[in-house]
Amino acid sequence: MVRKTEQNKEFTPVTKEEVRTLLKQLEEMKSVDIRTVERSTLVDINTVEINTSLPPTERIVDYIRQIKNPYCYLDHGGW
């Protein structure tokens, strides 16, 4: 389960260019063949924290930065 936190850290709003870049990266991530992924490179979703104090767009970007690939991650150490 992803943990929710309310951190009062300063944040820099995400630019439109960053969103475009992220969308391109997501398309690439979607095409990854999970049978070829090195397990040691995957992030366990239980280590991800959702910062509920961020606006929705920044929250999504922060989540993707933490999870690395939202289509391929570990859940309690398993696929």
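Biologist: Is Arg20 buried, partly exposed or exposed?

Modeller: Arg20 is partly exposed, because its relative accessibility is 45%. Keep in mind that this is a predicted model.

Biologist: And what does Arg20 pair with in a salt bridge?

Modeller: With Glu17. The closest N and O atoms are 3.4 Å apart.

Biologist: Is Glu17 buried or partly exposed?

Modeller: Glu17 is partly exposed, at 46% relative accessibility.

Biologist: How many salt bridges in the whole structure?

Modeller: Three. Glu27 and Lys30 form one of them, at 3.1 Å from N to O. Glu27 and Lys30 also sit in α1, three residues apart, about one turn of the helix. Lys30 is partly exposed, with 46% relative accessibility.

Biologist: What does Asp33 pair with?

Modeller: Asp33 bridges to Arg35, with the closest N and O atoms 2.9 Å apart.

Biologist: Which of those two is exposed, and which partly exposed?

Modeller: Arg35 counts as exposed, because its relative accessibility is 72%. Asp33 has a relative accessible area of 31%, so Asp33 is partly exposed.

Biologist: Ile34 next. Where is it found?

Modeller: Ile34 is in the loop between α1 (16–30) and β2 (49–51). Ile34 counts as partly exposed, at 46% relative accessibility. The C-alpha atoms of Ile34 and Tyr71 are 8.9 Å apart. Along the chain, 37 residues separate Ile34 and Tyr71.

Biologist: Zooming out. What pattern does the chain follow?

Modeller: β-α-β-α, read along the sequence. That comes to two helices and two strands.

Biologist: How much of the chain is buried?

Modeller: Of its 79 residues, 29% count as buried. The accessible surface is about 5900 Å². Carbon and sulfur atoms account for 54% of that surface.

Biologist: What share of the contacts joins residues at least 24 apart?

Modeller: 78%, among contacts between residues at least 6 apart in sequence.

Biologist: Which residues make up the largest nonpolar core?

Modeller: There are 12 in all. They are Val14, Leu22, Leu26, Met29, Val43, Ile45, Val48, Ile50, Val61, Tyr63, Ile64 and Ile67. Helices α1 and α2 (56–67) each supply at least two of the core residues.

Biologist: Which element gives the most to this core?

Modeller: α2, with four residues.

Biologist: Let's stay on α2. Which of its residues are buried?

Modeller: Glu58, Val61, Tyr63, Ile64 and Ile67. What covers them includes α1 and β2.

Biologist: What does Val61 contact, sequence neighbours aside?

Modeller: Val14 and Leu22, leaving out neighbours within four places in sequence.

Biologist: And which residues does Ile64 touch?

Modeller: Leu22 and Leu26, not counting residues up to four places away in sequence. Ile64 and Leu22 are 42 residues apart in sequence. In space, their C-alpha atoms are 8.8 Å apart.

Biologist: Why does Ile64 count as buried?

Modeller: Ile64 has a relative accessible area of 8%, so it is buried. The cut-off for buried is under 20%.

Biologist: Geometry check. What should α2 span?

Modeller: 16 Å, because α2 has 12 residues at 1.5 Å a residue. Its end C-alpha atoms are 16 Å apart, which agrees.

Biologist: What follows α2?

Modeller: Lys68, with a positive phi near 70°.

Biologist: Last topic, confidence. What pLDDT does the chain average?

Modeller: The average is 87. Of the residues, 85% score at least 70.

Biologist: Which element has the lowest mean pLDDT?

Modeller: Strand β1, residues 3–5, with a mean of 59. Strand β2 has the highest, at 94.

Biologist: How should low values be read?

Modeller: Where pLDDT is low, the predicted coordinates should not be read in detail.

Notes
Residues numbered from 1 in each chain as written. Predicted model: local features only at pLDDT ≥ 70, side-chain atom pairs only at ≥ 80, totals over all residues. Heavy atoms only, no water. Buried < 20%, exposed > 50% of the residue type's maximum accessible area, 1.4 Å probe, protein only. Contact = heavy atoms within 4.5 Å. Areas by Shrake-Rupley, 256 points an atom, 1.4 Å probe, with all protein chains shown as cover. Core = buried A, V, L, I, M, F, W, Y, C linked by side-chain atoms within 4.5 Å. Salt bridge = Lys/Arg side-chain N within 4 Å of Asp/Glu carboxyl O. pLDDT = per-residue confidence, 0-100. Expected span 1.5 Å × (residues − 1).
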